[in-house]
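Reader: I would like to learn how to read the inside of a protein model. Where do we begin?

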Amino acid sequence: DQGRYIWMILKAIGDGVLAGDLQIVVRTNPMDLSDYFDRNFKDCEKVIVQKADWRMEPAGGWNFQRRDDMIAYNSLLHYSSLCVGIPSTVTIECAISCLPVINIGFDLANPQPPRSMKSFWNAEFYQEVVRHGVASLGESEEDLLEKINTALVHDKRKPRDYESFLSGFLGILPHFSERKYIELIDHLVSLRDLSR
């Protein structure tokens with residue numbers, strides 16, 4: 001249960017293990033329709049729960065992010081100091097925003113999860129992230145807290161730090177996609193003109 005990791009980090013903040021006046025924002029998965037985080041952190045002033053606002057149409061088999069949610073999420077990525085969580089595709093969005101990512105790579109006991117946290121780090125879909133060093137792995141509670149402290153003080157990444165990963169993974173750097181769309185439209189228009 002992910003809430004136990006949040007309580008662990010909150011305790012480290014309270015005990016002064018993590019430096020600074022920190023705020024935790026929990027961004028829920030769009031598919032999570034439960035009130036788990038609201039219930040568990042409603043009285044905790046250090047935790048803000050940001051529910052994803054997506055239009056869900058399960059019968060049609062599709063969903064999409066609403067405009068206001070896109071603005072809220074992009075703002076969260078822009079103003080945050082770092083992202084701590086399970087290895088996921090959120091790391092790509094963090095890379096676009098030059099936001100350091102620390103993944104949880106250890107299990108808390110009692111109860112043990114059905115699947116090890118580190119198995120997500122070792123999953124095939126995540127190996128480009130691992131190879132490019134786009135995220136780091138906290139392999140124990142102490143290691144995670146040390147990496148959080150280091151990232152808060154020293155990890156000031158720039159767009160060039162992510163260029164190789166993003167251009168290889170996405171095929172083009174995110175801020176150049178507009179130009180590629182224009183080139184594609186021009187190409188299609190010229191093909192149409194040639195066929196006349």
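Author: With a definition: a nonpolar core is a set of buried Ala, Val, Leu, Ile, Met, Phe, Trp, Tyr and Cys residues joined through side-chain atoms within 4.5 Å. Buried means under 20% relative accessible area, exposed over 50%, partly exposed in between (1.4 Å probe, protein chains only). This is a predicted model, where local features need pLDDT of at least 70 and side-chain atom pairs pLDDT 80 or more, while totals for chains, interfaces and linings use all residues. Residues are numbered from 1 along each chain as its sequence is written, and side-chain values use heavy atoms, without hydrogens and water.

Reader: How many residues has the largest nonpolar core, and which have the most contacts inside it?

Author: The largest core has 25 residues, and Ile6, Leu18, Ile24, Val47 and Ile148 have the most contacts inside it.

Reader: Which element gives the most to this core?

Author: Helices (H or I, at least four residues) and strands (E, at least two) are DSSP runs, numbered from the N terminus. H1 gives the most, 7 residues.

Reader: How is a pair of aromatic rings described?

Author: By the distance of the centres and the angle of the planes. Rings of Phe, Tyr and Trp (its six-membered ring) pair if their centres lie within 6.5 Å; planes under 30 degrees apart count as stacked, over 60 as edge-to-face and the rest as tilted. This structure holds 7 aromatic pairs. In one of them, Tyr5 and Phe106 are edge-to-face, with 5.6 Å centre to centre and 70° between the planes.

Reader: Are Tyr5 and Phe106 buried or exposed?

Author: Both Tyr5 and Phe106 are buried.
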